[in-house]
Amino acid sequence: MSPGRAVITGAADTAVGELPGSTCMGLHAEAAGLALADAGLRPGDIDGVLCAYSFSEPHLMLASVFCEYFGIQPAYSAAIQAGGATGCIMIMQASALVEAGICRHVLVVAGDNRLTGLSRDRAVAALSEVGHPQFERPFGVTVPALYALVAHAYMHEYGVTPEHLAAMAVASRTHAVRNPKAQMRVPITVADVLASLPIAEPLRLLDCCLISDGGAALVISAPDAARDTAQRPVTLLGAGQKNTHEHLVAAPSLTNFGCRESAAQAFARAGVKPADIHVAEIYDSFTVTLLVELESIGFFEKGEAGPAALDGALDLGGRLPCNTHGGLMSYAHSGAAGGLFHVVEAVRQLRGEAAARQVPDAELAFVHGDGGILSAHCSLVLGRS
Amino acid sequence: MAEDPARLLPVPNADTAPFWEGAARGELRLQRCAACGQAQFPPRAICVHCHAPAPAWEAASGRGRLVSHTRVHRPPSPAFKPDLPYVVALVALEEGPRIMVNLRGVAAAEPRIGGALRIRFGPPGGAHIIALPYAEEDPVQR
């Protein structure tokens, strides 16, 4: 492993989908326990905790709430809230804590029973609150509507078609079919996506992520502390962030977003380039999110990702196997845990644990999270040690 | 759009009150910085371009062009259901900043990116006398 660089020593997620009887903190505790067991560590070994946010059990101090519930009193704890970028930002922050010598083993944990604990209508309403209270929400925006505005602008500028968007959903589902844990495992076609219920044009139901119950956790360790753990370590080779706006009405551009800079930072720190990456797990709240990020980060030229995906570029054996667990559109989306599912999958790929969906000899993985309306971005490059 | 308290009509604050006062009179207002000359929206206590304090308010042309649009079929709350499907749009104002509105008329039926639009206002209403802006086709503008 690289000297001085943080190591991911534990990674796990709970069952996902519709989990009757689950609670937000129960999912946190289950995921944390699984990640600790994966690392071969005990709760008392954890000296740092990073939590995110919850819709079903919101609290001003979620990290304190979790530590109390789980029965640990770490030397450091904090909660991070940056929407879909939260998962990657937690990993970046945890790595900074261990690399600075402040912590030895940081537990990163998130979970929510967003499906059974909230109702679909309440989830949609709660999410729409990211809109500007005076200059967006009065016009009836939802998160899908805001991403749809990006979609039409991007399609207009780069000749992207609804079929190209649909190809993102089909690619995710193709992977999910191979993943026994995925929430949606019935194969779909481009025609199925185009025939699904319109939500906010051009986005249709199958262009959108799921609403799920579930939790995920990772342990990030200092390089010397990682020697005490059970698994083949995965090193965080580079991370980067960029925020350009919060509200779409104030975004500097509708076709260029911060993912380009956040990824460039992560690649530069890791000393690699997009073409070196063997497997990518990229935030896919909507088909357009994934398409824009694939092209902005540099994996594909502008306007190229859709046609490439239609030709299987995102599948196993393709140019860039992407969202091999099924992503937010077919695996699951449980709030901040949704972004952590991408990280957990990257770790599994690098350890060679991904079974039927394994990318052969995957040594370098890229993970990206996006919060708000392509507002906050965080990118990670992970490597097999 | 129908009147309904569940729509959470804007509650003006010190940053935004001049905008909504103008809106209630049918006037689109923007801030312009005396130091650097740039216009901005949404309103702020400082200039987002040069960070000088207290940008001044001015009446805007109300002219702009369509940047993007979406026809919404699934609303954020039941209060918007009577209007389904409705069109949300981003309009680039002639002065530079972008504004979000609903489209009406021909502009809503056949939205065309780059098409000329004019910002209008609905009837003022509610506890804070709010008139929401909307946009319609502008046959005069070329």
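A residue counts as buried here if 20 or more other C-beta atoms lie within 10 Å of its own. Keep that cut-off in mind for helix α1 of chain B, whose buried residues are B:F19, B:W20, B:G22 and B:A23. One more thing before we dig in: this is a predicted model.

**Helix α1 of chain B**
- The helix takes in residues 17-24 of chain B, and its buried residues sit on the same side of α1(B) because they cover an arc of only 155° around the axis.
- As for what lies over those buried residues, the cover includes β1 (29-32), β7 (116-121) and β8 (133-137) of chain B.
- Just after α1(B) comes B:G26, which takes a positive phi of about 80°.

**Where chain B meets chain A**
- On the chain B side, 28 residues are in contact with 28 residues of chain A.
- Three strands of chain B, β4 (63-72), β5 (86-93) and β6 (98-103), are the elements that each give two or more residues to this side.
- The largest share comes from β4(B), with six residues.
- By residue type, the chain B side splits into 17 nonpolar, seven polar and four charged.

**A:A171 in chain A**
- You'll find A:A171 in helix α6 of chain A, which covers residues 162-176.
- With 28 other C-beta atoms within 10 Å, A:A171 is buried, since the cut-off for that is 20 or more.
- Leaving out residues up to four places away in sequence, A:A171 touches A:A309, A:L314, A:D315 and A:C322.
- A:S64 is another story: it is 107 residues from A:A171 along the chain, and the C-alpha atoms of the two are separated by 39 Å.

**Strand β10 of chain A and its partners**
- Strand β10(A), residues 364-371, is mostly covered, with seven of its eight residues buried.
- One partner is strand β9 (residues 279-282) of chain A, which runs parallel to β10(A) and is joined to it by four bridges.
- Within that pairing, A:V279 has A:A365 of β10(A) as its bridge partner.
- β10(A) and β11(A) make a hairpin with four residues between them, and A:G372 in the turn has a positive phi of about 70°.

Notes
Residues numbered from 1 in each chain as written. Chains lettered and ligands numbered in written order. Predicted model: local features only at pLDDT ≥ 70, side-chain atom pairs only at ≥ 80, totals over all residues. Contact = placed C-beta atoms within 7 Å. Nonpolar A, V, L, I, M, F, W, Y, C, P; charged D, E, K, R; others polar. Buried ≥ 20, exposed ≤ 12 C-beta atoms within 10 Å, placed from the backbone. Arc of directions from axis to C-beta. Pairing = 2+ DSSP bridges.
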